[in-house]
Amino acid sequence: MDIPPPSCITYDLITEILLLLSVKTMMRLKAVSKSWNTIISDPCFIEQHLKKSLQNPQLIFISNPSSGIVSFPIHRLLQNPSSTDSCHFRGSMNNYEVIGSYNGLLCLLFKENRREYQEYQFVLWNPATGTISLKVGTLKDSYAGSPFKFTFGFDISTGTYKVVALAKKCKDEVRVFSFGGSDWKNIQSFPLKDHQINDGVHLSGTINWLDLSKYMQEFNQYGWISNHIIVNAKKSVIFSLNLSTETYTQILLPSGLDEVSFPPTLGVLTDCLCFWHDWKATQCVIWLMKEFGVQESWTQLFRIDYCKINHLRRRSYLLGFSICPLRPLYLSKDEDTLILAEYINCPAIIYSKRDMRVERIRNSHKMSWFIAMNYVESLVSTV
């Protein structure tokens, strides 16, 4: 039986009240009242709710694919670094890999090793609503190992979610799959044939890769220099794929940046492209591109001494290469406060640039903060 709202309560007021509720509560209300279901299912309401949710970002972790994911609201972590307040989302899937998050949807990759080939399939999962799409985008490949780098993104011009597959063996092969479609599409070849790149980073309808080829060439030629590699950053560029036009552009690193320690890493902070790198095993340097594609807009935001972070004086190593032992996860709007993950012990810290304050985030969940992913709750459909 439908429950009509009191005549004194307007539609706009009901909408404002519903927007204050959690997705979990709204999903329950949809089953209570036809009128509420109509409001909550309306595309305009879903868009309003998404805009509101974007102001309350979260960090998610995949503790174990069979047990779901754990999310932490960032504002609560900043208020209480010892908070154990989290949400646990469970799905009916097993053995998946999360390759991206956007608009509250997670793109899950399922990989199965066959006798003569590997098979890949993808689904969209909304943890907040519990809805999940059918497995689509089947891709078979006879290469051994892991022949593709997959990146999840969103085509702004068409409102389509896409997966980009960059082949590792066929050096310049790039394919795109669109959710709602049926087939993979071969697009313009990757600009580099012998590429060594970071994992792709999605930002505003583009997929971005930082070319590490020159870094690898210098490493192969000179090897370790005083226990760290110093390379000329001017030799590297960012390749950006526009998901709407399916064309590439090149983005230059900061003009004042000459040398960095191997390897720099690409990411996104405050909806801006960023990269960070180790400097001589003493500092983590973080840059932010405030206007996408404009080299002059690169700004060095942080130069963090490891010794100031709980007397961190150690190097971390991965497959023989030194890496920056810190990874930025979140930057406040005033560009003062960072949430950083530490590689070695995998905890997280809150760092304030203004007063050089450092607080450790401690909670009961055993998980690696270094692989945390940005997330927002939403009502966006997986269909």
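## Second largest pocket

Helix α4 gives three residues to the lining of the second largest pocket, the largest share of that lining. The model is predicted: local features require pLDDT of at least 70 and side-chain atom pairs pLDDT 80 or more, while totals for chains, interfaces and linings use all residues. Residues are numbered from 1 along each chain as its sequence is written, and side-chain values use heavy atoms, with hydrogens and water left out. Helices (H or I, at least four residues) and strands (E, at least two) are DSSP runs numbered from the N terminus.

The second largest pocket holds about 380 Å³ of space. Fifteen residues line this pocket, and Ser 22, Ser 53, Asn 56, Gln 58 and Glu 377 are the closest to its centre. Two or more lining residues come from each of α4 (43-53) and α5 (74-79). A pocket here is an open set of points on a 1 Å grid over the protein atoms alone, where a 1.4 Å probe fits, with protein on both sides within 12 Å along at least five of seven lines; lining residues have an atom within 4 Å of a point. Grid points are joined across faces, edges and corners, and the volume is the space filled by probe spheres set on the points.

By residue class, the lining divides into six nonpolar, six polar and three charged residues. Nonpolar covers Ala, Val, Leu, Ile, Met, Phe, Trp, Tyr, Cys and Pro, charged covers Asp, Glu, Lys and Arg, and the others, Gly among them, are polar.

## Sheet β13-β14-β16-β17

Strands β13, β14, β16 and β17 form an open sheet in that order, with antiparallel pairing. At the edges stand β13 (201-203) and β17 (247-252); each has a single partner strand, so one side of each lacks a neighbour in the sheet. From one strand to the next the twist averages 30°. Two strands count as paired if DSSP finds at least two bridges between them. Axes are lines fitted to C-alpha atoms, for helices over the stretch in contact, and angles run from 0 to 180 degrees between N-to-C directions.

Strand β16 (residues 237-242) is joined to β17 by six bridges, and the two run antiparallel. The loop between β13 and β14 (206-210) contains Ser 204. Although Ser 204 is not a glycine, its phi is positive, at about 50°. Most residues other than glycine have a negative phi.

## Sheet β19-β20-β21-β22

Another open sheet of four strands has the order β19-β20-β21-β22, and its pairing is antiparallel. Its edge strands, β19 (265-269) and β22 (298-305), each pair on one side only. The twist from one strand to the next averages 25°.

Five bridges link β19 and strand β20 (residues 272-279) in the antiparallel sense. Val 268 has Leu 273 in β20 as its bridge partner. Thr 270 lies in the loop between β19 and β20. The phi of Thr 270 is near 45°, a positive value in a residue other than glycine. Thr 270 counts as partly exposed because its relative accessibility is 33%. The cut-offs are under 20% relative accessible area for buried, over 50% for exposed and in between for partly exposed (1.4 Å probe, protein chains only).

Four of the five residues of strand β11 (residues 174-178) are buried, which leaves the strand mostly covered. Strand β10 (residues 160-167) runs antiparallel to β11 and is joined to it by five bridges. In this pairing, Val 163 stands opposite Phe 177 in β11.

Strand β12 (residues 184-186) also pairs with β11 in the antiparallel sense, over three bridges. Here Phe 177 stands opposite Trp 184 in β12. The hairpin of β11 and β12 has five residues between the strands, and Gly 180 in this hairpin takes a positive phi near 105°.

## Cysteines and Ile 132

The structure holds zero disulfides, a disulfide being a pair of cysteine sulfur atoms within 2.5 Å. Cys 44 has 53% relative accessibility and therefore counts as exposed. Cys 307, at 33%, counts as partly exposed.

Ile 132 belongs to strand β7 (residues 131-132). With a relative accessible area of 34%, Ile 132 is partly exposed. Ile 132 and Leu 106 are 26 residues apart along the chain, and their C-alpha atoms are separated by 9.5 Å.
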